[in-house]
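Please look over the sequence and the model shown here before reading on.

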Amino acid sequence: MASADTLTTPPGSLDAFWMPFTPNRKFKQAPRLIVGSEGLHYDLADGRRVLDAIAGLWCVNAGHRNPRVSAAMKAQIDVLDYASNFQIGHPAAFTLAQRLTQMAPAGMDHVFFTNSGSESVDTALKIAVAYHRARGDAGRYRLIGRERSYHGVGFGGISVGGIGRQRSTFGPLLNGVDHLPHTLDLARNAFSRGEPAHGIDKADALEALVALHDASTIAAVIVEPVAGSTGVLPPPRGYLKRLREICDRHGILLIFDEVITGFGRVGSNFASDLFGVTPDLITTAKGLTNGAVPMGAVLMRGAVHDAFMHGSVSAVELSHGYTYSGHPLACAAAMATLDAYTEDGLIARAAELSPYFEDGLHSLRGLPGVIDVRNVGLLAGIELQGWASGLGTHAQAVAQHCLDESGVLVRSVGDTIALSPPFTLERRHIDQIIDSLRAAIAQTAQATD
Ligand code: PLP
């Protein structure tokens, strides 16, 4: 049985755990372990308390150990621990699904539950392909992703994903996948605030793919409205709308991967709301349960769902699902999280804090090696000149400096420092994050002079 001791004391050997997305050998030479959390902070095993400026991994939007979420999970586990949703169900999954449709952009009125962002993506891709088949249009099988996109780690997700190494490591991927060009344009758009002005034309690459393959072969396009893990890339003004128009013209489904941008991160319920573009499917996870327990959800337009609802009423309409789809504990956590977002006004708070956050970020312009600042809502990236040394990349050195010298946890993604603090922060915490970055950027620049 786990004792308090095994939860707080670093184990004798770190060897057995193969850590995900981690240079394991390096980490295990100098491990950093988190042993507790509260609000905006993590407690480290070495006794330090640090400010979590990344909300765990872009997920703890309502703050760590949010009291609503903790209480709901404790209450749920004493009533119903597990129930399948295969041919039998439990009330919380229905209630949560309904609440999500009320929160989602108008018309997104059905929900399929998963356990992660990766599962949400693969579920959405499968639904998109199956949708066309259900309508007698089985020739539509092609999926179109985008360069510099991250859609999780399933075979579907890495196939449409645009990160070379994650694709090449795993050999042949899904057939019939193409990629749109990414939208980063440092020459024209560096230091934009929100949506950059230039690059709507990048959406026209979709017309080129239609011309190449014929629309009758294309099932869906998937994009992150703001690409997160590849460096925080907001969409050029008008770009998402143009994608929507092209999809509509050719009967192609549009999927927005809102695993990071959903649930208030960009200052609105979904990025779809902020940018005024409603896709056919939205993938979510992370902020859905405030990170307290794994859960994802795919939201979809009625027409997508309804295409499956024909034939015998005793037939399974979609041969897909997970043992833990709509798990009771996850549903309880999600409903309490949604309460925190709405009743505690946290999404409004994220929107309110955004301009102050943006001004702070842009005050870093002009520091040595800072080549771009990108932001939407409480989501931001600071791109640094790319150099690598024995310490790793410039961005890794800055992130390490922030943690070691000023107790602020930020995340390096490639050459970019990513920020996505919990919405519960105050202006003084924004100041703390910016001050920490300012010092780290100045120090690391000096160290390499
Ligand atoms: N899609 C996007 C946009 C993400 O950012 C992530 C994770 O960062 C995923 C999918 C995968 O989510 P998970 O790690 O929960 O599988």
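Helix 6 (residues 117-134) gives the most to the shell around the ligand, contributing three residues, where helices are DSSP runs of H or I with at least four residues, strands are runs of E with at least two, and both are numbered from the N terminus. The model is a predicted one, in which local features need pLDDT of at least 70 and side-chain atom pairs count only at pLDDT 80 or more, while totals for chains, interfaces and linings use all residues. Residues are numbered from 1 along each chain as its sequence is written.

In total, 14 residues surround the ligand, and the closest are Ser 116, Gly 117, Ser 118, Gly 152 and Val 259; a residue is near a molecule if its C-beta atom, placed from the backbone, lies within 6 Å of it. By class, this shell holds five nonpolar, seven polar and two charged residues, with Ala, Val, Leu, Ile, Met, Phe, Trp, Tyr, Cys and Pro counted as nonpolar, Asp, Glu, Lys and Arg as charged, and the others, Gly among them, as polar.

Elsewhere, helix 5 (residues 91-103) packs against helix 14 (residues 328-343) at an angle of about 35 degrees, and their axes are 9 Å apart; axes are lines fitted to C-alpha atoms over the stretch in contact, and angles run from 0 to 180 degrees between N-to-C directions. The contact (C-beta atoms, placed from the backbone, within 7 Å) involves residues including Leu 96, Arg 99 and Met 103 of helix 5 and Cys 331, Met 335 and Leu 338 of helix 14. Its residues divide into 10 nonpolar, one polar and one charged.

Turning to the sheet, four strands form an open arrangement in the order 1-2-3-15, with mixed pairing, and two strands pair if DSSP finds at least two bridges between them. Strand 1 (34-38) and strand 15 (408-409) each have a single partner strand and stand at the edges, so one side of each is left without a neighbour in the sheet. Strand 2 (residues 41-44) pairs with strand 3 in the antiparallel sense over three bridges, and His 41 stands opposite Leu 51 in strand 3. Four residues lie between the strands of this hairpin, in which Gly 47 takes a positive phi near 95 degrees. Strand 3 (residues 49-52) and strand 15, by contrast, run parallel and are joined by two bridges, with Leu 409 as the bridge partner of Asp 52.

Methods
Contact = placed C-beta atoms within 7 Å.
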